[in-house]
Amino acid sequence: MSHVQSLPTDAVISDLKEFDQRSGILAERLLFNNRLAIVVICLFTTLVLGYQALGLSLNAAFEKMIPTGHPYIANFLENRKQLAGMGNTLRIAVEAKEGTIFDAEYLDTVRKLSDEVFLLPGVDRPYMKSLWAPAVRWTGVTEDGLDGGPVIPDDYDGSAQSLEQVRINVERSGEIGQLVAGNYQSSIVLVPLQERIAETGERIDYHALSQRIEQLRAKYESDKVAIHVTGFAKVVGDLIDGLRQVLVFFAAAIVICTAVLYWYTRCLRSTLLVVLCSMIAVVWLLGLLPTLGYELDPYSVLVPFLVFAIGMSHGAQKMNGIMQDIGRGTHRLVAARYTFRRLFLAGMTALLADAVGFAVLMVIDIQVIQDLAITASIGVAVLIFTNLVLLPILLSYTGVSPVAAQRSLKAELMEANDAEHKKHPFWAFLDLFTRTPWAGLAVGLGLVLGAIGLTISFQLKIGDTDPGAPELRADSRYNQDNAFMVANYAASSDVYIVMVKTPQYACAHYSTLRAVDALERELQQLPGVEATSSLAGLAKVANAGMNEGSLKWYEMPRSQDMLNAIITRAPREMFNQNCDLLTVYAYLKDHKADTLTSVVNTVETFAAQYGSDDIRFLNAAGNAGIEAATNIVVKKANVQMLFLVYAAVIVLAFITFRSWRAVVCAVVPLMITSVLCEALMVWLNIGVKVATLPVIALGVGIGVDYALYVMTVTLARLKEGMSLSEAYYKALIFTGKVVVLTGITLGIAVATWVWSPIKFQADMGILLAFMFVWNMLGALILLPALAHFLLRPSQVEAQPQAQAVAV
Amino acid sequence: MHALSPLNRRTALAAAILSLACLAGPSHAAGGSTVPDLLDLPARESARAQHSLQLAVARAGNRLVAVGERGAVLISDDAGNSWRQARSVPVSVALTDVHFVSATHGWAVGHSGVVLHSADGGETWQRQLDGNQAAVVVRDDAKRRAEAGEEGAAAALRSAEYLVTDGPDKPFLGVRFVDELHGYVVGAYGLALHTADGGKSWQSLVGRVPNPRGKHLYQVQVDGSTLLIAGEQGALFRSSDAGASFTEIRTPYSGTFFGALELDGDALLAFGLRGNAWRSEDGGANWQQVKLGQPVTVSAGRRLQDGSVLLADESGRLLRSTDGARSFVALAVQPGTGLTGIAEAADGALILSSARGLSRVEPDALASGERVSGINVSGVK
C-alpha cells in the first residue's frame, strides 16, 4: 500500500479564505465540502440503526457452536431425530435436604414440579421421565414370572404404607443411579427438549426457558428441598445471563478508554468526540446485525468491545494530528482536512489489517466463529465511516481546546528539536534498542523466549480440560449442580454415542448385537471409558431378568424370539422406531482430548474392520462425541488459521514496505508473541477451543497495526538518509506514542473481560490483553532491534522502490 | 424355538435383496469382515476383567480359579488377594461354572453349550464341547432310545431335533467331575451330559433324568457315586449309581432352586428364588422351610471345611449355619451385591464371586453375625 502524498499538508493556514477548497482528492472534497450533509446523514443513520439495534437478540443455538460440516456431526444431525432426547436434555434433580425421597411432601413437590415442567415450551413430552412418569416402572421376579407396574402405584395416597411401597418399587425399578440417587436423597426429572417448539415451530428461547426454570427453582426450593439443574439449555441460559452482565464491562471499558485518552490529550471536547464516534460505530454495528439477520451470541458479544477499542485508537490518531496542526495555528477545518489527507489511507491500511485478521476466521467451519468474523468485519467497516470520516468532520466544527493544542505542540517541538539533549526518558530507553549491545540483547532474549515458548507450546491441549460446563466458571451454580449430578448419579456428564446403522428391522438381530457387543468390548478397554451401554448389554440384563434374575443368564440370547421379546420392552434410547439404528453409549471419565481421541480411534478402527453395507458404525453423538468432532475441527483450524493469518499479514506488510527485511522486522515479533501466547495457554491450562481459536488471529491482525505504524515512518526517515536511531526516534514521537496509547487502551479494554462470569470470555480477555501488550512491546523493542541487524540505511537505499507513507 | 420368526424371515428376504443389489452396483462396504462368533473368539486380555461379572470360583490345589462374563478366567495364587487373567481361553461366551479335581485338571462350562478343559491349573483352556455338538449327542441318544422303542422316547426325539435346529443357544449352568475321567454337566432346558474319558466324548443323560418338561438344571453336586441336581420349578433329581439312573425328589416349593446340598446323614438343603431355603431330614420325603429373613434370591451355597453351611444371596448377605442348616446367622461382612459363587481359600478365607468381580472375606469374619432365621414349623409337609 504505497501512498505518496503530493498534496501539501504542512502549510500553516490560519484563515479559511486562504485555503483552496478544491484541493485534496475527490473523496476529501466530496466529504469536507458537504460537511453538514454528511453529519445529517450520519445522524439519520444513527437514529435508524439505533432503533434497529433495539431488535437485537441474544441467543446461542446448539448447532451454531458445533462444526456442522464435519462428517461426525453430519452423522449426528442426520440421525438426531432418531436419537431420543440425546444431545439436549435438562436434568432437574430434586434433593431432599432432610431424610429421604420417600416422604409424602417431597414426592408431592416432585409431582408439582414435573407437572409444571411438562407444560414448558419445547419439552419433548412423551420422553419426559420422573418418579411420577407412567413409563418409569419396576419389574420383579416371582414364581409365576415377571411382575411390574409404575414406580408410584396407581393407588398411592401418601400414607406410610404407600411410601414403603414406593421404596420397594424404586429398589426394583433399575432406576437407582439413573432417576434416583443411590443415597435416596434426590431424584431426577428428566426433560428432553426439542430444538423447535412443537406447537409454533419457533426455535427455543433458551434464555426464557432458563428463566422459567429459575422461577421454578425459586418456587420449590426451601429449607427441605434443593433443586439442581444441568443440561445444555441451562448452560446457554446462564451464558446469556452472563452476557447481560458483560454490558457492565462494556461501560467500564468506555470509562477506562476515555480516561486514558483524556490523560493523553487533556482536551475534554475532542476526547468526548472520539468516544462519541466510537460509540456511534458500536450503535451502527448493533443496528446492522439484526437488519442483516444476525444475532449476538456469547462469542460475538465481545466484538463491540473490540470495535470500540479499535475506534478509540484510530480516533486518537486523528485527534492527535488535528491537535498538532491547530497548535501550529492552522484553522480547525484545514487541520481536519490535512489530517484526513495524511491519515485516511494509513488508517484504511490498518483497518484492512484488522479485517484480514477477522476474515481469516471464516475458514473455520463453526458457525459461531464465522458469525464472529462477519460481525467483526462489519464493525471494522463501520469504523471507516465513523472514525476516519465522521470524526475529522466533527472535529472540523469543534476544533480542540487551545490549551491542549499548545501543549501538544510544545511537547512535539521539545521532543523533535532538542532531541539530542532532552529526550523523554521512555523514548530514550526505547531508542537504545537500535544500537549494540541492546539490539543484540533484545534479539537474543526474543529468540530465547521464542524457543522456550515454542517448547512449551507443544504441550498445548486441544479442547476443554475442566469438568462440567467449561463455558462457565468452576464455582458457578451450574457447575456446582453438575458436580452434584456426577457425585450422586451413575451417568457421567460426558457421554459419547456411536450410532450403528442396520437395514430396517435388523437392529435386534443376533449378528447385529454381537457386533455391537464386540464394539463395547473394545471401548471398555480404554482407560478413559468408565462404562458402556447398548441394546447388547440390555439384552444380557433382560436375558437374566427373564430367567428369574439369575446372573448365570447374563449373556446375549441367540434365540431371535427371545431377542424380539426383549426389544419390545427395551427403552427407546437404545434403538429407533424403524429398528435400523442402534446407539452405543460410552460414559467417559472426562472430555480431555486424549480421552476423546482414544474413543474416536477405537471406533474408527472397529468400523474399518467390521463395517459393511449391512452394519455401519458411525461417529458420533452425545456431548463428548460432538466435542470430539469439534476438537478435530479446531485442531485443524488452528494450524490452518495461523498459516493464513501470517500469510495475509506478510503479504500486507510486503505491499506496504516493499522490503522483505522490513517484513521480517515486523512479523518476527508477532510470531514470538503468538508462540508465547500458546505457552501462556499451556501455563494457564487453557486449551485450544472454539473460544480461544479466534484469539491469535485477532491478536495478530490488530498487532500488525503497531508494526505498520512504526515501520512506515522509520523506513521513510531512513530513506531520507537518517540513521536508524534518528529514524526510529522520529517514528516514536510521531506514531510510537499512538502505538503505546493503542496498546494500553486495547489491553485494558479486553482485560476487563477477566471478570466475566463466562469462563471463556475471561480466557479470551487474558489472552487478548497479553497479545495486545506483547505485540506493542514487540513493535517498540524487538522491531528496532531486528532493524539494527537487517535495516542499515545503505540497504534501504539499495531498494529504490521502497516507499512509505509520507507523514 | 423356531428357526425364524416372521420378523426374521422378512429381514432375511430384505438382506437377500440387498445383497443382490450389492452384486449389481459397486459395493461401499468398508472392512466387511464380520465379528467372529463368540464360540470362535478367544477371550481377550481385559483391564476390566477383575471387576466384571464373575459367576463361579473353585479351588485347584492351592490356587483359585474363577470364571465369568466374556470368557474371562481369573487365577489367584495368593488365596484371593490378587488375581490375573488366564493365558488363553478359546471362547468369549459367559462361563457359568468351574470345577477342578486336582491342582491341574479342571473343567468350565458356559453359554452356547460350551465345555472347556484345562490341564495346567487353569492357565490355558481347550474347548471340548459346544452347543451344536451337545445337541447332536442328545439327539443321537434320543434316536437310539426311540429306535429301541422306549416309553416317551418319540416326544424326546422331537424336542431333541429342535435342539439341533436351534443351534448352540442353550447354556450349561453346572459342572462337577469325580476324577480326571468322570464328570457331569447340566444346563438349560434339561440338558445333562456325562463323560467317562475326561471330556473326549460325551453321553446324554437327558433320557435318564425324569425331566420331561425340560426344566432348567442349575446345579449338579457329586459325592462319590451320588449325584444331586437342582433346577427350575422346585426340581431336584438324585442318582446313587453315578448317573446310571435318576429319581425325582418332590419338593413343596414351585419356584427355582439354584442349588442343593447334601448334609450329614440323609439331610438335604435346597435353596433358591426369593429367599427360599428348604430342609429335609430324610432324604427328601419331608421338607421344612428355613426362614432367611428377607425375600431375596439365594444364589449360591456351600458346605465349608468346618462342617458349617454357608449361603450367599443377591443382596450380598452371607448366611452361615453351624447346626446343619436348621438356623442361620447373617454375617456382619457385606462383600457386595450380586453374589454368585463361594470357595474356600487354602488359608480358610472365603472367596466370593459376584457381579463386581471377586472378594475375599477373612476367616475371622465367620464368627460375628446376627441370627436371622430358623425352621418354620408350619412349613412341615
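Which residue of β9(A) stands opposite A:Met499? In this predicted model, the residue opposite A:Met499 is A:Leu618. The pair belongs to strands β6 (residues 495–501) and β9 of chain A, which are joined in the antiparallel sense over four bridges.

Strand β1 of chain A, residues 89–96, runs antiparallel to β4(A), and seven bridges join the two. Within that pairing, A:Thr89 has A:Pro192 of β4(A) as its bridge partner.

Turning to chain A as a whole, the model contains 25 helices and nine strands. The C-alpha atoms occupy a box of roughly 110 × 50 × 45 Å along the principal axes. Chain A has 807 residues, of which 54% count as buried. Of the contacts in chain A between residues at least 6 apart in sequence, 79% join residues at least 24 apart. The chain is divided into four parts: domain 1 (22–54 + 243–421), domain 2 (65–74 + 491–629), domain 3 (89–230) and domain 4 (658–807). The centres of domain 2 and domain 3 of chain A, taken over C-alpha atoms, are 26 Å apart.

Confidence in chain A can be read along the sequence. The average pLDDT is 82, and 93% of the residues score at least 70. Over residues 1–7 of chain A, pLDDT stays under 50, and the model has 13 contacts beyond four places in sequence for them. Residues 797–807 of chain A also keep a pLDDT under 50, with 26 such contacts in the model.

Is A:Leu345 buried or partly exposed? A:Leu345 is partly exposed, because 17 other C-beta atoms lie within 10 Å, whereas a buried residue needs 20 or more. A:Ser659 is 314 residues away from A:Leu345 along the chain, and their C-alpha atoms are separated by 20 Å.

Chain B has three helices and 29 strands. Of its 381 residues, 51% count as buried. Residues 24 or more positions apart account for 51% of the contacts in chain B with a separation of 6 or more. An unreviewed UniProt entry annotates residues 88–131 and 171–250 of chain B as "domain: Photosynthesis system II assembly factor Ycf48/Hcf136-like". Residues 88–131 of chain B are 2% helix and 45% strand, with end C-alpha atoms 20 Å apart. For residues 171–250 of chain B the figures are 0% helix and 48% strand, and the end C-alpha atoms lie 25 Å apart.

Further along chain B, strand β22 (residues 309–313) and β23(B) pair in the antiparallel sense over four bridges. In this pairing B:Val309 stands opposite B:Ser321 of β23(B). The two strands form a hairpin with four residues between them, and B:Gly316 in the turn has a positive phi of about 100°. Strand β23(B) also pairs with strand β24 (residues 329–331) of chain B, in the antiparallel sense and over two bridges. There, B:Leu319 has B:Ala330 of β24(B) as its bridge partner. In a regular strand, side chains alternate between the two faces of the sheet. Strand β23 of chain B, residues 318–321, has B:Leu318 and B:Arg320 pointing one way and B:Leu319 and B:Ser321 the other way, and all are buried.

How values were computed: Residues numbered from 1 in each chain as written. Chains lettered and ligands numbered in written order. Predicted model: local features only at pLDDT ≥ 70, side-chain atom pairs only at ≥ 80, totals over all residues. pLDDT = per-residue confidence, 0-100. Contact = placed C-beta atoms within 7 Å. UniProt positions renumbered as here; feature names shortened; annotations may be inferred. Domains from an automatic or database assignment. Buried ≥ 20, exposed ≤ 12 C-beta atoms within 10 Å, placed from the backbone. Pairing = 2+ DSSP bridges.
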